[in-house]
Amino acid sequence: MAIKRNIDEDAYSFYKYRETEEIHIYKGKFTSDMECNSSRISICGKVNKVTEDTVRVFSCLNEEEARKKAAEIGRAVCGGCVSHLYSSY
Ligand SMILES: [Zn+2]
């Protein structure tokens with residue numbers, strides 16, 4: 001069953017850096033039910049986007065899903081990104 005996305009909703013994508021194994025979160029907007037764009041800079045503001053040194057772990061999650069995933073993944077997710085995720089109201 002496809003999940004219905006609200007185009008106005010923020011979309012979150014998780015990218016892992018091969019070298020540090022740290023995961024940073026990027027915010028964007030949904031462009032359709034399954035697709036989204038993402039910002040150039042991680043939500044913690046520290047890391048530039050996505051190079052060949054990054055691996056996409058999850059993409060196009062809504063805020064609730066992103067929080068769940070971040071909790072599941074735990075410490076590997078950048079603390080700055082996680083706190084942004086919880087302060088984005
Ligand atoms: Zn971060």
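**Figure 1. Confidence of the predicted model.** The mean pLDDT of the protein (pLDDT is the predictor's confidence in each residue, from 0 to 100) is 88. Of its residues, 92% reach 70 or more. Among the elements, helix α1 (residues 63–73) has the highest mean pLDDT, 96. Strand β3 (residues 54–61) has the lowest, 92. Helices (H or I, at least four residues) and strands (E, at least two) are DSSP runs, numbered from the N terminus. This is a predicted model, in which local features need pLDDT of at least 70 and side-chain atom pairs count only at pLDDT 80 or more, while totals for chains, interfaces and linings use all residues. Residue numbers start from 1 along each chain as its sequence is written. Where pLDDT is low, the predicted coordinates should not be read in detail.

**Figure 2. The open sheet.** The sheet has 3 strands in the order β2-β1-β3, with antiparallel pairing. Two strands pair if DSSP finds at least two bridges between them. β2 (23–29) and β3 are the edge strands, and each pairs on one side only. Direction ignored, neighbouring strands are turned by 20° against each other on average. Axes here are lines fitted to C-alpha atoms, for helices over the stretch in contact, and angles run from 0 to 180 degrees between N-to-C directions.

Figure 3. Strand β1 (residues 10–17) runs antiparallel to β2, joined to it by 7 bridges. Tyr12 has Lys27 of β2 as its bridge partner. β2 is mostly covered, with 5 of its 7 residues buried. A residue is buried if 20 or more other C-beta atoms lie within 10 Å of its own, exposed if 12 or fewer, and partly exposed in between; C-beta atoms are placed from the backbone. The hairpin has 5 residues between the strands. Glu21 sits in this loop between β1 and β2. Its phi is positive, about 65°, although Glu21 is not a glycine. Glu21 is exposed, because 9 other C-beta atoms lie within 10 Å.

**Figure 4. Cys60 in strand β3.** Cys60 belongs to strand β3. Phi of Cys60 is near 60°, a positive value in a residue other than glycine. Cys60 counts as buried, because it has 22 C-beta neighbours inside 10 Å.

**Figure 5. Surroundings of Cys36.** Cys36 lies in the loop between β2 and β3. Cys36 counts as buried, because it has 23 C-beta neighbours inside 10 Å. Beyond residues up to four places away in sequence, Cys36 touches Ala11, Ser13, Gly28, Lys29, Phe30, Thr31, Ser59 and Cys60. Two residues are in contact if their C-beta atoms, placed from the backbone, lie within 7 Å. Cys78 is 42 residues apart from Cys36 along the chain, and their C-alpha atoms are separated by 21 Å.

**Figure 6. The two sides of helix α2.** Cys81, Val82 and Leu85 are buried in helix α2 (residues 79–86). They lie on the same side of α2, because they cover an arc of only 100° around the axis. The arc is that of the directions from the helix axis to the C-beta atoms. The cover over these buried residues includes β2 and α1. Exposed Gly79 and Ser83 are on the face of α2 turned away from its buried side.
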